[in-house]
Amino acid sequence: ASLASLTRGTGPKVVRGDPAGKVQSVSHVAHHHHIEAPTISVSDSSLKFTHVLYNLSPAELYEQAIKYEKGSFITSTGALATLSGAKTGRSPRDKRVVIDDTTQDELWWGKGSPNIEMDEHTFMVNRERAVDYLNSLDKVFVNDQFLNWDPQNRIKVRIVSARAYHSLFMHNMCIRPTPEELENFGTPDFTIYNAGQFPCNRYTHYMTSSTSIDLNLARREMVILGTQYAGEMKKGLFSVMHYLMPMRQILSLHSGCNMGKDGDVALFFGLSGIVSPDQRSHDVVLSTGKTTLSTDHNRYLIGDDEHCWSDNGVSNIEGGCYAKCIDLSREKEPDIWNAIKFGTVLENVVFDEHTREVDYGDKSVTENTRAAYPIEYIPNAKIPCVGPHPKNVILLACDAFGVLPPVSKLSLAQTMYHFISGYTALVAGTEDGIKEPTATFSACFGAAFIMLHPTKYAAMLAEKMQKHGATGWLVNTGWSGGSYGSGNRIKLPYTRKIIDAIHSGSLLNATYHKTEVFGLDIPTEIEGVPSEILHPENTWADKKAYKETLLKLAGLFKKNFETFTNYKIGKDNKLTEEILAAGPNF
């Protein structure tokens, strides 16, 4: 039924199994008439067989990839190296969301929003194109899997794709059903049609390139045309969760999450250090350390990227991790290094032709090299990936201006302000090679994926934090003693000590004083961290330059926040005013 055309009367004929192997039973799509002899109205596509490879194991998918997909190789550690084609990252400008009577009012549209509209008819044109393409193939891969480890709020997803690479990627990234669960899977809640090798039709309304990623929330469907980058499926489903979960009063979060031995949970928010396709090649987005800091040997990993916070506590949305591999080393990231083994998908990496040893420093295909592996491959992963309500909410910023303190304790209103802002810095390379910091803001630390207005997620976050007594923290993993170029990056061991003090609860009992302009509460001392670095002004030799830089960053925060100020939360709008007052004052 998933592969049936919505306009033709017949087809497709679906066969289970590999066309190269023994043919299993033929099943006609139930609601179509069975026609014995071709009549005028029958199309050729309804006469051919489409073989469905259903929920194959990693070993079977390896065989399919090696046999039939050019550019697939087994690396020296047993991972499957694949190429994603021309697109080696997401295409945010080609993502479309169907606007209808419901979504028009519910979703965030307009300035600053990631949601670019398309109409229902255009979606159906692209859907038919994708389904026709998939049916024209000898075989398609179908994965039936789950999202969200919270059993009460699990979503059933079906992914129909044309490449073993896509099937194995989603096998790793979604939650894998048991044979019993698969037996009783029923109708999926959401379906992805990945026809990524086939372009969209440029003459179609709303299309701006040969790539289109289309989301229809009413039909619970997503269509991918013109990009083979597997991350589109992962993040497309994340966008869907950002819509479905808040409708159930569950907060969906772009965050890492871990848990201490005593059951204390922390959420980590931060932007990933990756160059987006629309940035110039000499711009460097500085990693905030979300993955590094949430992967902690003394704590259990609940997940590295996507979570839900419900009345039951926190749960990971995914069944796997999608880690950046650029410059990966065994010393720096042992867990990720060891997870790259049989079953793992390696995207766009370069390896030695003879030994098949991967050179993680090689950026010749892309800087955005990735590994996708099941979360069980991380030794201290907590299975099932659920935990109690968070105690700490840690917002990570890599401040290349060097004026934010290494750590500050936030009030609820400040947490909302900085959560909506989603600040980090990027170092922009100018034409003559001088690098200077610029601020980059991503609402809720994941603006590309949110569906509703950012203040809706922020209000839900504050409500849950208040209800369960969680504390908000702003941690700067960036510069100290000057901006990028003159100061130094705050040492990772210091940041780890700060995070340890947050986890242990000892930082709650510290003595605090307020900073000017941003009004942040900063501790006077933390064990293992030099006290002089805790207040940024102390580390700058040039106090005048510090003040100027501080005011410059505060101005950038203010300007960015203007997008959100006209949005009313609640009837009396008191909350909006409270959040605004929590921003910088100067």
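Four residues of domain 1 touch five residues of domain 3, where contact means heavy atoms within 4.5 Å. This is a predicted model, so to speak of local features we need pLDDT of at least 70, and side-chain atom pairs count only at pLDDT 80 or more, while totals for chains, interfaces and linings use all residues. Residues are numbered from 1 along each chain as its sequence is written, and side-chain values use heavy atoms, with hydrogens and water left out.

Back to the domains. The protein chain splits into domain 1 (54–83 + 327–366), domain 2 (89–248) and domain 3 (250–318 + 380–533), with bounds that come from an automatic or database domain assignment. Domain 1 and domain 3 have their C-alpha centres 30 Å apart. Between them they bury about 290 Å², 46% of it on carbon and sulfur atoms. Of the area that domain 1 buries against domain 3, Glu333, Asp335 and Ile336 supply 88%, more than any other three residues. Buried area here is the accessible area (1.4 Å probe) that two parts lose on being put together, summed over both.

Now the rings. Rings of Phe, Tyr and Trp (its six-membered ring) pair if their centres lie within 6.5 Å; planes under 30 degrees apart are stacked, over 60 edge-to-face, and the rest tilted. That rule gives 19 aromatic pairs. Take Phe441 and Phe557: their ring centres are 5.1 Å apart and their planes sit at 80°, so this pair is edge-to-face. The two come from distant parts of the chain, 116 residues apart, with Phe441 in strand 29 (residues 435–441) and Phe557 in helix 13 (residues 543–565). Helices (H or I, at least four residues) and strands (E, at least two) are DSSP runs, numbered from the N terminus.

Phe441 is partly exposed, at 21% relative accessible area, whereas Phe557 is buried, at 1%. The cut-offs are under 20% for buried, over 50% for exposed and in between for partly exposed (1.4 Å probe, protein chains only). Both belong to one aromatic cluster, along with Trp108, Tyr417, Tyr423, Phe518, Phe561 and Phe564.

| Lysine | Ring | Distance to ring centre |
|---|---|---|
| Lys341 | Tyr377 | 4.4 Å |
| Lys558 | Phe586 | 4.9 Å |

Last, helix 6 (residues 231–247): 16 of its 17 residues are buried. Gln249, with a positive phi near 65°, follows helix 6.

Conventions: A charge sits over a ring if NZ of Lys or CZ of Arg is within 6 Å of the ring centre and within 35 degrees of the ring normal.
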